[in-house]
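Here's a fold to pick apart label by label.

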Amino acid sequence: MTSDQYILAITAIQNRLHAYILSLLADPVATPDVLQETNLVLIRKADDFQIDASFESWAYNTARFQVLAHLRDRKRDRLVLHEAFAEKLAPVAEVMAEETERRVQLLGGCVERLSDEHKSLLHKRYGKETAIATLAEDLGKTTSAIKQVLYRIRNLLAACVKERLQEGTVG
Amino acid sequence: MSDDNRSLTVLIQEMLDGALDDDQRVDLMNRVESDDAARKMYLDQIATHTALQAVLADCLPNAVDDESRWNRGNPKRQQGNEFGRIPRLRVGLPTYAAVAATMLLLISGMVYLWPENPAIIQSVDTPHVALITQAVGAYDGDVAIRSGQQVMSGQLSLDRGLVRLDFVNGASLAIEGPAKIEIVDEMRVVLLRGVVTARISASAIGFVVNTKTAHVVDLGTAFGVSVGDDGTTDVCVFEGEVSVNKKDSESSQPTRVREGQAVRASEQSPTIDSTDYEVALFENAWPVNSGVLQTTGSIRFVSPGPNFHPGNYEDNEHIVVFPERSGFIPEDAIRVDMVDPGEYAKSDYRDKPVLPSGQRLTSYLLQLDAYPEGKNPNRRRSVRGQITFANPIAGVITATRLLKESEIIFGNPDVEYPTAREVEPRPEGDERPGFDSLILAADRRTLFVELQENPGHLDQVRVLIEAEE
């Protein structure tokens, strides 16, 4: 793998690493920071990567170490529990993360089927990461009403993805 | 759905919303760890959540009335302290994905058949009026628009994402989807809907952007045009000057619009009306015109306009990117801190690499200017992010002496630059926290930056980019 290919591999695996780190941490606030740390380590240790090794395994392993380092840095009361959870979940989280790109491809087409109102709400919530409480305030609704709508939209999208997986179509 | 499943669903969603307390998190972890079905549901929801974030941040149009976007364009000292407080942008995975896609596209240089967009052509032998030189998350429906595709006269639709069109005569347009634009020829386009920003070189002066309600003629400049669904047209001039007529009265006296000014044309008004200089609409497209492919994390490109410069722009939450001299050929060799991929480490002045004279370069200044604010005004600021340029990085400068030397050559002569403070990389073997980090990636276009700074101080990095003829 050339240095150019290496940097491309890092950028291409971002969605998967995000899903992987999020699942091990169960903490969406800390996840972007750990992802960024992982990227920096991957860049710094580019020379250590064995050309004939799997880049994905290398990247997931690096991310796992960064998750554990993050947990230790925070010195949480339940550090042992969190570490054990992350270690135990890591292998299946890797399998899930590898499927993320497929979902990204399928979801793109599914989102297009939604109403403009639902697209706008999704964009605010996921694209701009607006807090549910803020959305509720802006739209003059209760937080539970917003959660319900988002829940229904996610179910619609999940059904669409399932349908497309069965059809074997993308886009 | 059973009550157990329902409560697990709620726990997972609360986790994804960042609303779990420690006890709830432990409850969730215990259930995921001990129950196969719960684990499957947990991982499934995370995969969908991540995919949604990637798809939605990258694909859907931004809300133009969002206050935070409007505020982003205002320097603190012009508008008061209120506008200096910009919410920290979390490192977005969708933007990483966009970088990935773009880098892949740039390198592949592939040309695809694109029947839905008649302006796009496949054959390299067909005469074309423009070339797509950058494409970031750009789609027409489900069809990706690729960097390297050629464009001839015809209509071009962009459902989402950004593309940069470089015309053969030297005009450059960045188009942000959703947009529909008709390419008439190398000197004229009709913007039917959407947002474009334009940088027009001397060879293309007179370039025309028509809309349903306005006729915009470039007079040697950089500007932005936005067209709403009802044809209302907003024109904002970043540099130089344009003339604007009402669409159906081209013979009437045109309105001259100078840099830092904005006008609006609509069917409701018989005249071209002055409006506030609001650039938020153009902040996504403008960096693409300026040679920046993508910024992520806490790096952001300065708002377009004549009054935003390193001397008057304080921002606690972002490393702000200021364009400096463009396509300039220095007569003398330029001493820099970094030229090769890797992490920046301090070195003696005489050991630093030198860029030979005669190389055409474009300069950008990255600056974190921290100032005391909020309940804890002396809190040390820590920001990081990455920036990817369209062209390769020739050299990176951060040592104070080199910043001052290069400021004379590349700095804006009308701007009084604040006193620079060089970044402080971690000395070898030092494990203490709190150091800065600069990493030039192997693609030579991407710079990873992590800066720590005390209020009242600033860090600067000057990046020199290889410029085209």
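**Labels and what backs them**

Q: Which residue is the bridge partner of B:Ile439 in β27(B)?
A: B:Phe448 of β27(B) is the bridge partner of B:Ile439.

Q: What kind of model is this, and how is it numbered?
A: It's a predicted model, where local features need pLDDT of at least 70, side-chain atom pairs count only at pLDDT 80 or more, and totals for chains, interfaces and linings use all residues. Residues are numbered from 1 along each chain as its sequence is written, while chains are lettered from A and ligands numbered from 1 in the order in which they are written.

Q: How do you know that β26(B) and β27(B) are paired?
A: Two strands pair if DSSP finds at least two bridges between them. β26(B) and β27(B) have 4 bridges and run antiparallel, so they pass that test. In their hairpin, with 5 residues between the strands, B:Arg444 takes a positive phi near 65 degrees.

Q: What makes β21(B) and strand β26 (residues 437-440) of chain B a pair?
A: They are joined in the antiparallel sense by 2 bridges, and the rule asks for at least two, so they qualify. B:Gly342 has B:Leu440 of β26(B) as its bridge partner.

Q: Which strands make up the open sheet with antiparallel pairing, and in what order?
A: There are 5 strands, ordered β17-β24-β27-β26-β21 (chain B).

Q: Why do β17 (292-297) and β21 (342-343) of chain B stand at the edges?
A: Each of β17 and β21 of chain B has a single partner strand, so one side of each is left without a neighbour in the sheet.

Q: What joins β24(B) to strand β27 (residues 446-453) of chain B?
A: 8 bridges do, in the antiparallel sense. B:Arg381 faces B:Glu453 of β27(B) there.

Q: Why is β24(B) called mostly covered?
A: A residue is buried if 20 or more other C-beta atoms lie within 10 Å of its own, exposed if 12 or fewer, and partly exposed in between, with C-beta atoms placed from the backbone. In β24(B), 8 of its 9 residues are buried.

Q: What is the pairing in the open sheet β18-β19-β23-β28-β25 (chain B)?
A: The pairing of these 5 strands is mixed. The edge strands are β18 (299-301) and β25 (393-397) of chain B, each pairing on one side only. β25(B) meets strand β28 (residues 458-466) of chain B through 4 antiparallel bridges, with B:Ile397 opposite B:Arg462. Helix α8 (residues 400-410) of chain B lies across β23 (361-369), β25 and β28 of chain B, at about 55 degrees to β28(B).

Q: How many helices and strands does chain A have?
A: Chain A has 9 helices and 0 strands. Helices (H or I, at least four residues) and strands (E, at least two) are DSSP runs, numbered from the N terminus. Of its 171 residues, 38% count as buried.

Q: Why is α2(A) called roughly perpendicular to α6(A)?
A: The axes come within 8 Å and cross at roughly 115 degrees. The perpendicular band is 65 to 115 degrees, with under 35 roughly parallel, over 145 roughly antiparallel and the rest oblique, so α2(A) counts as roughly perpendicular to α6(A). Axes here are lines fitted to C-alpha atoms, for helices over the stretch in contact, and angles run from 0 to 180 degrees between N-to-C directions.

Q: Which residues make the contact of α2(A) with α6(A)?
A: A:Asn15, A:Arg16 and A:Ala19 of α2(A) meet A:Thr100, A:Glu101 and A:Val104 of α6(A). Contact means that C-beta atoms, placed from the backbone, lie within 7 Å.

Q: How many residues of each chain take part in the contact of chain A with chain B?
A: Chain A gives 48 residues and chain B gives 43. The side of chain A that touches chain B divides into 26 nonpolar, 13 polar and 9 charged residues. Ala, Val, Leu, Ile, Met, Phe, Trp, Tyr, Cys and Pro count as nonpolar, Asp, Glu, Lys and Arg as charged, and the others, Gly among them, as polar.

How values were computed
Two residues are in contact if their C-beta atoms, placed from the backbone, lie within 7 Å.
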